[in-house]
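Here is a short tour of a predicted model.

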Amino acid sequence: MHGAPLTLYNSLTRNLERFVPIAAPKVGVYSCGPTVYNYAHVGNLRAYVFTDTLARTLRWKGYDLTHIINITDVGHLTSDADAGDDKMEAAAKKAGQDIWAIAAHYTQAFRQNLRDLNIGDPARFPLATDHIAEMIAFGRAIEARHCYRLESGLYFDVSTVPDYGRLARARDDEGESRIDPVSGKRHPQDFAIWRTSAPGENRQMEWDSPWGRGAPGWHLECSVMSKKYLGPQFDIHTGGIDHREIHHPNEIAQNQAYCDCPDTGANLWMHNNFLVERAGKMSKSSGEFLTLAALVDRGFHPLAYRMLCLQAHYRSELEFSWENLAAAQVRLKRLVQAVEGLRARPPAPSAQSAVGYREQLDAALSDDLNTPRALPVLDAMLADRKIAPQERLLALADFDALLGLDLSRLRREDLRVRPANATIDEATIAERLAERREARATKDFARSDTIRDELIAAGVEVMDGDALAWDWRTAV
């Protein structure tokens, strides 16, 4: 195991805790995945940069990681509680398309987002709809002692488990009140295990069950799939901070009911904070939200967004603005330029080892995944002239392994992303720059300046004296 003890923040206990696996060196991590009714917005994707950092750190520490990210393709209502329509059914109805095709399309889009952000694949991406039989069996196992039936389905009675809502802080001043409109519920916090289709309801996804034909509640899938792939009690469960209020408390309640014990299902519950815009938390509810593709269309490389995420601690709110993203892209470009400079230098003897920087990197990530503390260590290591270039490049592999910025592979040309509204292509840019060089060679500076101004007007940054020669100008 590498270096410093790993310390992580447990949302359940509200404490930093030294990580001790249940069955070292094996570690099980379950991360709540997307509901695939639309494209993921960049706020959603922050959660997976966080979980990827966690996964990288665990592997760096030498653990044998099994990481599960589920795909919710049924059961998630337009409210995180039990109000509204199923998000998948609503999306299919609005688009007039087959619900299975919609799920497949947005699942592939999500997985492409992860690849673009250099987020490693988990061991599995299990689909909720592949586990309906297990969900029904789970519901039957807990029904007698913990559930009751209504016309609309099978509901979980939260008074039957100890300390319900502890994770959500429902018993302190940070808790939120929740009024659920389902008629006949014993308590407002009670939630659906199975939702029976109403008479005349035309659903594309529904199954027979002991409680009538219908579909599972959203919370049920995570209890079923985490238990199936990681066991009844595993090491770490992750999700966005919004899951801390409803989804994860309900999942914990189901787990306790199933095992008839106080175990919550995971030893540590970890949550990343929101990505916020000046107008408020990023959300799909307005119908207008930023996707990773929208950032690329503005000329930003996906790894600039990863850099933006790494610059803030995962438990801190992260403000999104185009200016902040542009600054992150500039920082990424400077790192790539520094690495290219090291590659270009001849081998030389080293007066100092990079071990100290590796230790600082390990200490930063071991301190609750403190990526903002790790980034200046990377800057300092790359700039340290006492360490030979080749040794700095070897140390860079460790930084890439933990931070995922792919600096050992990236070239500056890779970061030159053509904005969607560009009116000129790269071949034309090359021709115009050749004309400009010829004008400068003949001292026709007026012509040279005219070509430069025309390129600037077309969204091109002309970089005299730089081997790259030009770059796209990103509008912020």
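Helix 10 (residues 355-366) packs against helix 12 (residues 389-403) at an angle of about 10°, and their axes lie 10 Å apart. With angles under 35 degrees counted as roughly parallel, helix 10 is therefore roughly parallel to helix 12. On the helix 10 side, the contact is made by Tyr357, Arg358, Leu361 and Leu365, while helix 12 brings Leu394, Ala395, Asp398, Phe399, Leu402 and Leu403. Sorted by class, the contact of helix 10 with helix 12 has eight nonpolar and two charged residues, and no polar ones.

Now to the cysteines. Which residues does a disulfide join? The bond links Cys259 to Cys261, with an S to S distance of 2.0 Å, and the count comes to one disulfide. The torsion about the S-S bond of Cys259 and Cys261 is about -95°, so this disulfide is left-handed.

| Residue | Relative accessible area | Class |
|---|---|---|
| Cys259 | 31% | partly exposed |
| Cys261 | 22% | partly exposed |
| Cys147 | 12% | buried |
| Cys309 | 6% | buried |

In short, the disulfide partners Cys259 and Cys261 are partly exposed, whereas Cys147 is buried and Cys309 is buried as well.

Key
Residues numbered from 1 in each chain as written. Predicted model: local features only at pLDDT ≥ 70, side-chain atom pairs only at ≥ 80, totals over all residues. Heavy atoms only, no water. Axes fitted to C-alpha atoms, helices over the stretch in contact; angles between N-to-C directions. Helix = DSSP H or I, 4+ residues; strand = E, 2+ residues; numbered from the N terminus. Parallel < 35°, antiparallel > 145°, perpendicular 65-115°, else oblique. Contact = heavy atoms within 4.5 Å. Nonpolar A, V, L, I, M, F, W, Y, C, P; charged D, E, K, R; others polar. Disulfide = S-S within 2.5 Å. Buried < 20%, exposed > 50% of the residue type's maximum accessible area, 1.4 Å probe, protein only.
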